[in-house]
Amino acid sequence: MPELPEVETVRAGLAARVVGRTVADVEVLHPRSVRRQPGGATDLAARLRGRTLTAAVRRGKYLWLTYGEDVAAAPDEALLAHLGMSGQLLVQEPDGARASIGEPGMVAAAVGDPGRFLAAPGERPLDLTATLPPTLVRTIPATTAHLRARLTFHDGGQLWFVDQRTFGHLMAVGTVPTDDGAAGGLGSDAPVLPAPVAHIARDLLDPALDRAALVRRTRTRRTEVKRALLDQSLVSGVGNIYADEALWRARLHGARRTDRLSPARLGELFDAAAEVMREALAVGGTSFDALYVDVEGAAGFFARSLAVYGRAGLPCPRCGAPVRREQFMNRGSFSCPRCQRRPAAG
Ligand SMILES: [Zn+2]
């Protein structure tokens, strides 16, 4: 499952590539992909047709595109994209699409690693990378096999929602004001966010995050610290991989209780989580797998940098003790038995 760094990579790609474009048409090719849309595919299309996409915004692992008639006004609606296990957003440019959709040889750039479009065989690739960081450049083969929905813009370009397992979905919904009056997420100054995301807390990379308040709230939860890290209503965007890595960096066992940790220790833990996600983001796109094929969510691009996650039995990079694997919330938890002492029971 994509985690915050992967979703942020997609957001940055969308901001560069589809914001400012006007939707001419919407096609839904699989009903599961709009299962949360109250009026289904017809409703989704009616809400988006003729509207201009104004911003690509992210909070935690949630991603949305705002749209409206007036770019300056706070958007009252947004297209929420949930990527699920295998969802991708791809941009198909009219210039790059020398072959018709579905024809072998056509290549679309993944949003998130936007850039080069390979033209049909024998033609010169169209390089759109000039304005983008090189780490965001990637090309992937386009296929209509798992194409679930697509937006066609007035200029002929398209945004594809490709989702092999159909756990992801698209939903055009109304927005609500943020409870603190600050921007709804990264990518827009508008103090609104889609209603279904209203209960999702700010993430650790959000400039509007009140870190001291987060530490205070976490201590009052009186729960295991790993459970708190994964609680999207407390702090969003931290998944299993980054939780384990952050706990290792902070030398904390995930079963430590939040009310028995000092504010300074909790602050260190949140800083470690932010740091590990920033590092993952910095290398985003260099080798991460386009389909997120690992069910546990271990994104290949950052796997080489992981200290403990997925490394049971291998030496801790700090002390050499073999990394241990324990069960936690039906998933594997990885930690160092020497650097991260399990708390005494009770
Ligand atoms: Zn160790």
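**Close-up 1. Pairing of strands β4 and β10 in the predicted model**. E77 stands opposite G174, a residue of β10. H82 likewise has a counterpart in β10, namely H169. Strand β4 covers residues 77–82 and strand β10 covers residues 169–177; the two run antiparallel and are joined by six bridges. Strands of a sheet pair through backbone hydrogen bonds, in either a parallel or an antiparallel manner.

**Close-up 2. Pairing of strands β10 and β11**. Three bridges connect β10 with β11, and the two strands run antiparallel. P177 has V192 of β11 as its bridge partner.

**Close-up 3. The five-stranded sheet**. The strands follow the order β2-β3-β4-β10-β11 in an open sheet, with antiparallel pairing. From one strand to the next, the twist averages 30°.

**Close-up 4. Helices α1 and α2 against the sheet**. Helix α1, formed by residues 4–17, lies across β2 and β3 (62–68). The direction of α1 is at about 165° to that of β2. Helix α2, formed by residues 40–48, also packs on the sheet, where it touches β3, β4 and β10. The angle between the directions of α2 and β10 is about 55°.

**Close-up 5. The largest pocket and its lining**. The volume of the largest pocket is about 300 Å³. Its lining comprises 18 residues, and those nearest the pocket centre are R59, D179, D180, A201 and R202. Sorted by class, the lining holds nine nonpolar, six charged and three polar residues.

**Close-up 6. Position of the largest pocket relative to the two domains**. Residues of domain 1 (4–197) and of domain 2 (211–335) both contribute to the lining, and the largest pocket therefore lies between the two domains.

Technical notes: Residues numbered from 1 in each chain as written. Predicted model: local features only at pLDDT ≥ 70, side-chain atom pairs only at ≥ 80, totals over all residues. Heavy atoms only, no water. Pairing = 2+ DSSP bridges. Helix = DSSP H or I, 4+ residues; strand = E, 2+ residues; numbered from the N terminus. Axes fitted to C-alpha atoms, helices over the stretch in contact; angles between N-to-C directions. Contact = heavy atoms within 4.5 Å. 1 Å grid on protein atoms, 1.4 Å probe; cavity = no way out; pocket = protein on both sides within 12 Å on 5 of 7 lines; lining within 4 Å. Points joined across faces, edges and corners; volume = space filled by probe spheres on them. Nonpolar A, V, L, I, M, F, W, Y, C, P; charged D, E, K, R; others polar. Domains from an automatic or database assignment.
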